[in-house]
Amino acid sequence: MSGDRPRVLLPEDPRDVHLLHLPMGIFVADPDGQLVVCNETARRILGLPEGEVANARIGELHADPAWYRERARAALDAALAGDGFEKAVGHLRIGGDDVYVEEILRAVVDQSSGSAAAIVGCLVDVTAEHEAAEQSRALRLKVEELAFDIGRVLHANTSTLLMVNQTLEAVSQALQPVSSAPSTPASEDPAERLPELARSLARRLERLLAAVDSERRPTVLPLEAWAHLEEQVAMLNEHETRIPVPELRGSTLRTLASAVGAALREAPLGSLPREATREVLRAADELQRGACLAQVLATRQAVVQMDTTLRALRDFITSDVRTRETRKRMPVQQWVREAVAQIGEFAKIAGVALQTQAIDPELEVFGSERELVRALANVLHNAVKYSWRREQGQPWVAIAASATSGSIHVEVENWGVPISADEIARGLVFELGYRGKWSTDRGRLGTGIGLTDALRAARAHGGDVLVSSRPARLTTLPDTHRDYHRQPFLTRVTLRLPLFPPSGRPR
Amino acid sequence: MKPKVLWIEDGARYELASLCGPVFYKGLCDLALAEDVSTAVDHLESDRWDALIVDIRLPPGVSPHWRRLYRLTGSDKVNAQLGLKLVEWLVRATPEIYPDAPPRWVRPERIGVFTVESWREVGDQLKPLGIEIFQQKLANLPDTILEEIIGKLLATR
């Protein structure tokens, strides 16, 4: 827009600078709004041809002439009260275009009558700024509406996930082997029983096949069905070598067990050896049930994880829209307990133990309980999600809190997925939507919001989030070696917040 | 000898595992998985495959080339669409995508796309590459869908 401005040649002597040269519009109007005089900038803003100043009425150049009269009256009141001037953004309509000006009006008071003798005004064209502000306001409104809608959609999905989770829980209980004690630890993986169940079915099926000789077979089932059953014995015995990816075996064994059962039920009643058939059907049923249970538990784990992710997403999106929660003092113990409780179900299903070390009950932080709990829950959720199963013992996430030099440090440590030094140094792990280089191994779901949100909450409370990750065992591998990041890492995420009271010492 | 099929899909091992059951059970083919683009390229360069099934949203894996491409598109598999780039490299031998020449046995009719995107979103990019076997991932698909896709691909041999 600077190209549209008239070039102003300044006089050589600064004392000769005239009002005409000022880069803001200046005018004088009579009390009825008739322009008396104006400078070049005002003439340009008001779109007046040279020499026609005397014919212009300032009020009528406004989109709403009454608005100008109101401002002029207010300027007179202000002058009489000794307050000086009236300032507002005025809306001009110049040659059909909308022009916005910052308009400062000052009344020159006729002391004898107490009325306005003249109005002196300053005009600054703020059309571009006004339009940008309007666009920004419209955009903000749109984002708020969108955030509200997304919040509602996610809320509805969370309810659906609750339904799914409860149904899966009921199904998993119904599928549990009868012999299992109710106190069976959640970490016991039913998938580990599948090879044994598969071999059991293979043995019984072999026995049945041996019991029906080749002459009798065609009278019972089509020959292709017998050939297929023979093939299934081989598959049951060799499924671990035929299907190299362990996670894919369960669904195959389930399909196979179901098909074996269905094939035998096709046989005419009494045409197969009764006891051997019953044993095959029982073994097939047990294998199908075990494979289903493994799938149901894996699905439930994914659903609980999805629920936590959706909740974090909803909180993240709607955090700016919601009414700001009043900040208050809160014992660190309570803060940690609530975050641990939020992640408890997910940790239980994932078979990860949350180990909270004793926390000094005197330690306190000051802030929004909802935001701080969400920040820590995000960190804990990541720690559980990125924990690896161990050859011996249950995977764990350790939580500890301490106070040093005016700060509270809540540390969350897990054993499992690495974060590379480069990702930490470049702050990539805190970028919205970023998922760690090694975080997508073993089918982990995620959105890349957790640490971003935790950092935002911590910084809003004058704190920070620190991340470190190192090999869990001594290693001679350089970090450039392709196996370096395939080993388990100890990853520690520390939420640092100012200690309360701010004296730097706990009460 | 059974036909060899490579499924390039990062959710195959967990979320989509049940789709593999009918394929292994019926023994239609030897099915292998590649869960990222680098692993897929390793498989493609070291072996000959009768059919490929590719997802559009894929993580890059360990190869610096694919990692760079991934970074350039915002380190986000949704935007990076590395599966689409992999298919383009395989069909058009685009060195800007990957410097090595693609295997010579690759034919577009042997590549199927199984993805969450709809044909409306990616069809304009897949059609010029000669990709016609396409299936959008939807929640109501039967567990035999992978078997069906493989069947269609193998029928083109």
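Is A:S405 buried or exposed? At 76% relative accessibility, A:S405 counts as exposed; exposed means over 50% relative accessible area, buried under 20%, and partly exposed in between (1.4 Å probe, protein chains only). The legends below come back to this residue.

The structure is a predicted model, in which local features need pLDDT of at least 70, side-chain atom pairs count only at pLDDT 80 or more, and totals for chains, interfaces and linings use all residues. Residues are numbered from 1 along each chain as its sequence is written, chains are lettered from A and ligands numbered from 1 in the order in which they are written, and side-chain values use heavy atoms, with hydrogens and water left out.

**View 1. Chain A, with 12 helices and 12 strands.** Helices (H or I, at least four residues) and strands (E, at least two) are DSSP runs, numbered from the N terminus. Chain A has 507 residues, and 44% of them are buried. Its accessible surface is about 27500 Å², with 53% belonging to carbon and sulfur atoms. Such areas come from the Shrake-Rupley method with a 1.4 Å probe; for residues, only the protein chains shown count as cover. Of the chain A contacts between residues at least 6 apart in sequence, 66% join residues at least 24 apart. Contact means heavy atoms within 4.5 Å.

**View 2. Chain B, with seven helices and five strands.** From the N terminus on, the order is β-α-β-α-β-α-α-α-β-α-β-α. Chain B has 157 residues, 54% of them buried. It exposes about 7100 Å², and carbon and sulfur atoms supply 48% of that.

**View 3. The interface of chain B and chain A.** Chain B gives 18 residues to the contact, and chain A gives 27 residues. About 1900 Å² is buried between the two chains, 61% of it from carbon and sulfur atoms. Buried area is the accessible area (1.4 Å probe) that two parts lose on being put together, summed over both. In chain B, B:Y14, B:F24 and B:Y25 lose the most area to chain A, together 35% of what that side buries.

**View 4. The salt bridge between B:R13 and A:E247.** The closest N and O atoms of this pair are 2.8 Å apart. A salt bridge is a side-chain nitrogen of Lys or Arg within 4 Å of a carboxyl oxygen of Asp or Glu. On the side of chain B that touches chain A, α1 (20-26) and α3 (64-72) of chain B each give two or more residues. The largest share, five residues, comes from α1(B).

**View 5. The loop residue A:S271.** A:S271 is in the loop between α7 (249-265) and α8 (274-318) of chain A. A:S271 counts as buried because its relative accessibility is 15%. Not counting residues up to four places away in sequence, A:S271 touches A:R216 and A:V220.

**View 6. Positive phi at A:S405 and B:A93.** Most residues other than glycine have a negative phi. Phi of A:S405 is near 35 degrees. A:S405 is in the loop between β9 (396-404) and β10 (407-416) of chain A. Phi of B:A93 is near 55 degrees. B:A93 is in the loop between α5 (82-92) and β4 (111-115) of chain B. At 38% relative accessibility, B:A93 counts as partly exposed.
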